[in-house]
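Here is a short walk through a protein model. Keep the structure open as you read.

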Amino acid sequence: MSTPLPSADRTDRWWEELPAGRNRLRGRAHLHTDAPALNLDGTWEFRYGTRADGSDLGESAEIAVPGLWQLQGYGAPQYTNVIYPIPRDVPHVPDENPTGHYSRTLTVPEEWTEQLAGGARILLRFQGVDSAAKVWIDGTEIGVTAGSRLTQEFDVTEALTAEAPHGEHRLDVRVVQWSVNTYVEDQDMWWASGIFRSVDLLLRPVGGIHDLVTDADFDPATGEGALRVTALDADGAELAATVEVPDLGHSAATGARALSVGEVRPWSAEDPHLYDATVRTATETVTLRLGFRRVEVDGEIFRVNGERIVFRGVNRHEADPVVGRTQHLQNQDLDVALMKQHNLNAVRTSHYPPHQRFLDVCDEAGLYVICEGDFETHGFHADSTWGEDGTGAAEGPAQNPLFEESLVERSERFVLRDRHHASIVMWSIGNEAASGPVAEAMVARVRETDPTRPVIYEQDYAAEYVDVFSLMYSSIDESTQIGERSLSPEYQDKLTRMLRGFALDVPEGHFADPPALHKPFLWIEYAHAMGNGAGSLEEYMALTEKYPALHGGFIWEWIDHGLETTDAEGNRIYGYGGDFGERLHDGNFVADGLVLPDRTPSPALLDAKHHYSPVGLEVSPGTARIVNRYAFSDLSHLRAEVSVDAQASWQELELPTIAPGESVEVALPAHEGATTTVRLLTREAQGPVPAGHTIVAADHVDPARLRAALTPSAAAAAAPEQGEDGSWSLGPARFDDLGRLVGLGDLAVEGAGVDLYRAPVDNERARTRAPLEARWKRIGLDHARRRLVEISAEGSALLVRSRLGLDGSALGADVTERWSGDAEGVDVEVTVTPSAFWPEDLPLPRIGWTFALPSAPDEVEYEGFGPHESYPDTGGGTTFARWSSSLAEFQVPYVFPQENGNRAGVVRAALRGAAGAALALEAPDGLGLAVRPWSTAELDARAHDGALRPDGRTWVTLSAALQGVGSAACGPEPLPQYVLSAREESFRFRLAPTAG
Ligand code: GAL
């Protein structure tokens, strides 16, 4: 390169300046235009050092732009949720500051010459640089960025054209990991740095459309649209341009007045109709995709196009297991497709404006978007919340005038970039940044910048200055109180304490009748989908049908942010906090999504699909109740089918016309079978949702008929026989002298017996609201010890009584097993009676039976609820049928190993394996079934899915009862009805060895 590296200037501490940034142009819309652009992505030169002044930069190497340098071999990613990874020393950062110096050459295209000569400008645009950068061209400072996820533009015309316009220029971008921006970008995600979104050089024609304000309104009363398009020049002055919408026959001059365009097909998430439009001046044409729609807050109701909307949403971070926040373009499309296929209708871009493409796809496919600014300062006020120093919030940016100018500019910048998107129905200034005058000023600036959309910000707990009230992780009880518009004294106290946690003066009685209770409410975050769970989506969604003010919410969160790496033993794993040598980290709290790191849907997404279904479906004998939960559509785009033989065959079911909000009862064919299943499918493809796609399925199962359908063994009863060594046999079953089942025909059986344990799920581990794991392990539930009490023959039965005891404690359970059998199999009835003095607040993980077979089956067939896992408070979307699954498919590879894979209500199963392990199981009353290539102990011991080791056996766990999974990693514990209190439980099943 022609010019040398900009020299180190020790006096210029640009990365600590407030207001942050230098020389940046005011924010503006990111438009699709025919104005020339030169994309600068690709391989850049890179030097890495530890000092922001560039005084210790290393050798030159190559790096990919866009990209994060910690994922390209420099430094390491670090995960913290709340706490700042650097001292809180505003606006300063430590001397040791990982620094990446990016350089490349560029040449202004020859074709731009003429326009440049006529006065065109050249802008250099960065769409995302974490966390701050200083930019030079040919050694001359151009400016400094501010806002990692915000587009920044610099006018570089002089720098590129003053001398040798078409010669080679040198572009230098020095990026620092820590800067004053760090303090306002404390989101719960990986700390990672670099130029992680695209860089472009833009030619801005004279008379070009620098910015656009569009308002495509729909009047639900008349069905007509009105369009206002204002074109602005670089100085913010109005520009004469023509707007054309060919499909509406509309062609008019732009201007501040809205013009009627006649009848339109409105945009909604249900029918995301977009009109292609162009805005043209003599020198530039911008193409837009317009969605006509009206968003209103009408008292306590949030309306789109006049109708109340329920948000069936999710929070989405930008994550990828290989490139992290650097977004593959296809991930934008894939995420939206998966969301639409799973009945989601809304997304919050937590906690920063997303990649441009994402919003384009949301417009096209139809998702209601809460677009959020890049602002979080959790590490300030978390201290006071946890009682550590109490001063944090007062110094925090939401109350600190030092930050005001930068933060107000931040909130304006992201709104300016995205306000032409139909999908955005609300703005949020950010997340967990406390409350105070600066936050209020940010909200005010958002409103000024775009008066057409409501503003939301969760931390305004009383909704004093926002339009929509929201909270995170509210319990069912709290949500009910909000729905009832009346808060109990205890809940008022809690909210008062939360607001006081921001070091604000909050008078008593502040929450007696706050503005919040006169506005629409939504769960900005709820249902923490970490690992197995979250539970109780059903109960949450039911509240939205009961209380008009409750508008649904956004599950936390979309994707596990695990990063592909290798552990010390060489296993390929998804790494989380602590896997990259971080001193300070928050472990696997970063893996809490509805999809696994590689975007495989986790069972939680299937559960959400069911409870988010736009069509409610309840099947009872002879009839199905169908509720149309759409705001706008009838159900003519869906067809229905019914199966009366556990989904072996389907027949068409006629549906009447069902208007939005209506429900009907549809008669179902009478039959003698045990199951009736109904499903609704799409007739035709709509966007990413294919034709024939199941929207919802539900069934009715008659347990008595199910039992009757199990053919009892015709073989004559066998009698127990005792061997000389004290062992017993009964039909094909063999028991040792302690009464433990050790064989079935040719099969050796290991580790058989009653089991009260399952591997804890993330919601039960340390640092949750219900750290049950520690309590379970403290009393050794994972190592219960058995003692034989009595073994005896009682007629044709073998009676085995035993006691399960827990180390150091008198707690335990009495177990009775009554075995009977015939030549083909054995039946057992088990009764488990936990100690009467079992602590009331200590649920049991499980009550069931476990055993291992000598080799792994390739296939598991079962008749029960599937195809995905179910726990007492999850499993939405499972239906009763004969399912078949490979052993691998039976497991859910949660990033952190934990209980998984339970199939509920299994009445029959067959385990068939190449190595001759073959077993038939029958459970006439239905039992939970999990089949694994490893033991519960292994599942419990490993910290990464990739480290789990099969032990050559097949572990079968049968569950008569299970503790619900809840949401306690960040939300409520399981509801009382899903808590497995220590109670007596009886269950029965039959095991029969079969020919392999
Ligand atoms: C919320 C926060 C999210 C995330 C979540 C826990 O408090 O807003 O960013 O940290 O908790 O996973």
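Which residues of H3 are buried? The model is predicted, and in it the buried residues of this helix are Asn331, Gln332, Asp335, Val336, Ala337, Leu338, Met339, Lys340 and Gln341. H3 runs over residues 329-341 and has 13 residues. From its first C-alpha to its last it reaches 19 Å, close to the 18 Å expected at 1.5 Å a residue. What covers its buried residues includes two strands, S27 (311-315) and S28 (346-348). Helices H4 (356-365) and H12 (603-611) are also among the covering elements. Just after H3, asparagine 343 takes a positive phi of about 65 degrees.

The largest nonpolar core has 95 residues. Ile482, Tyr526, Ile555 and Trp558 touch the most other members. This core draws at least three residues from each of domain 1 (14-204) and domain 3 (309-559 + 594-608). Take tyrosine 526. Leaving aside residues up to four places away in sequence, Tyr526 touches Tyr473, Leu537, Tyr540, Met541, Gly553, Phe554, Ile555, Trp556 and Tyr612. A second core of 60 residues is separate, and includes Leu744, Phe851, Leu853 and Trp883.

Now turn to the ligand. How many residues surround it? There are 13, and the closest are Asp188, His351, Glu432, Glu525 and His528. Histidine 528 has a side-chain N or O atom 2.7 Å from an oxygen atom of the ligand. For asparagine 431, the distance from a side-chain N or O atom to a ligand oxygen is 2.8 Å. Aspartate 592 places a polar side-chain atom 2.9 Å from an oxygen atom of the ligand.

How values were computed
Residues are numbered from 1 along each chain as its sequence is written. This is a predicted model: local features need pLDDT of at least 70, side-chain atom pairs count only at pLDDT 80 or more; totals for chains, interfaces and linings use all residues. Side-chain values use heavy atoms; hydrogens and water are left out. Helices (H or I, at least four residues) and strands (E, at least two) are DSSP runs, numbered from the N terminus. The expected span of a helix is 1.5 Å times one less than its number of residues. Buried means under 20% relative accessible area, exposed over 50%, partly exposed in between (1.4 Å probe, protein chains only). Contact means heavy atoms within 4.5 Å. A nonpolar core is a set of buried Ala, Val, Leu, Ile, Met, Phe, Trp, Tyr and Cys residues joined through side-chain atoms within 4.5 Å. Domain bounds come from an automatic or database domain assignment. A residue is near a molecule or strand if one of its heavy atoms lies within 4 Å of it. A polar contact is a pair of N or O atoms within 3.5 Å; within protein, one must be able to donate a hydrogen and the other to accept it, and residues adjacent in sequence count only if both atoms are side-chain atoms.
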